[in-house]
Amino acid sequence: MISFTVTALVFGVVFLAELPDKTALAGLVLGTRYRASYVFAGVAAAFALHVALAVAAGSVLTLLPQQIVHALTGVLFLGGAAVLLMRKDEDEEEIRKPGNQSFWKVAGAGFMLILVAEFGDLTQIMTANLAARYDDPLSVGLGAVLALWAVAGLGIVGGKALMKRVPLALITKVAALLMLALGVWSLWEAVAG
């Protein structure tokens, strides 16, 4: 059974953390060069694979005693908040253009770009933490993949407009504050429990 609350929380945290990430900019660049639906298909498949790996890793953590899991996830959330707050503005990376516009070439380019760029990324680590924290892999996985797909969609079709209206620094600070709150909460539960 899927928990709407867990899914919504994970969606919000992952969405805010991924929005200022370099992959949103990469999706924007790919979306301006190629057919949006082809780019999205490749990017969405790569994000789904990353979420599956993260949820599996987080589910393994649930085998540990709860106090250890809370302490570990608290420290990781605080580390993630620090990474977001200390992150410098990232430049768009040069993306090699596939030789043609076929579905498989464009989707493959999007898939490989995200697969490599997101491996071990902050949102993948956050997803593993959330899977361990809530012991609800289906709800966490659904929230994370929907958030990543939403950011990819925004990046591909409307990233420039959003970034002009909402400052990237504000988005980053909100994501960092949410992670900070989750870290403090997890550490409090580790100490109180």
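Visitor: In what order do the elements of the protein run from the N terminus on?

Guide: They run α-α-α-α-α-α-α-α-α in this predicted model, which has 9 helices and 0 strands. Helices (H or I, at least four residues) and strands (E, at least two) are DSSP runs, numbered from the N terminus. Residues are numbered from 1 along each chain as its sequence is written, and side-chain values use heavy atoms, with hydrogens and water left out. As the model is predicted, local features need pLDDT of at least 70 and side-chain atom pairs count only at pLDDT 80 or more, while totals for chains, interfaces and linings use all residues.

Visitor: How do you know that the span of α6 agrees with its number of residues?

Guide: The expected span is 1.5 Å times one less than the number of residues. For the 13 residues of α6 this gives 18 Å, and the end C-alpha atoms are 18 Å apart, so the two values agree.

Visitor: What makes α6 mostly covered?

Guide: Buried means under 20% relative accessible area, exposed over 50% and partly exposed in between (1.4 Å probe, protein chains only). By that criterion 11 of the 13 residues of α6 are buried, including L122, M126, L130 and R133. Over the 193 residues of the protein, 45% count as buried.

Visitor: Why is D135 called exposed?

Guide: D135 has a relative accessibility of 53%, which is over the 50% limit, so D135 counts as exposed. This residue is found in the loop between α6 and α7, and D135 has a positive phi of about 50° although it is not a glycine.

Visitor: What makes the pair R133 and E189 a salt bridge?

Guide: The term requires a side-chain nitrogen of Lys or Arg within 4 Å of a carboxyl oxygen of Asp or Glu. The closest N and O atoms of R133 and E189 are 2.6 Å apart, so the pair qualifies. R133 is in helix α6 and E189 in helix α9 (residues 168–192), 56 residues apart, so that the pair links distant parts of the chain. A search of the whole structure finds 1 salt bridge. R133 is itself buried, because its relative accessible area is 10%.

Visitor: What is the largest nonpolar core, and which residues have the most contacts inside it?

Guide: A nonpolar core is a set of buried Ala, Val, Leu, Ile, Met, Phe, Trp, Tyr and Cys residues joined through side-chain atoms within 4.5 Å. The largest one has 32 residues, and V10, V14, V39 and V140 have the most contacts inside it. Two or more residues come from each of α1 (4–18), α3 (36–61), α5 (103–118), α6 (122–134) and α7 (137–157), with α7 giving the most, 8 residues. Setting aside residues up to four places away in sequence, V10 touches F15, L130, V140, G143 and A144, where contact means heavy atoms within 4.5 Å.

Visitor: How do you know that I156 is buried, and which residues is I156 in contact with?

Guide: I156, which lies in helix α7, is at 7% relative accessibility and so counts as buried. Leaving aside neighbours within four places in sequence, I156 is in contact with G27, L28, G31, A36, V39 and F40. The C-alpha atoms of I156 and L30 are separated by 7.0 Å, although these residues are 126 apart along the chain.
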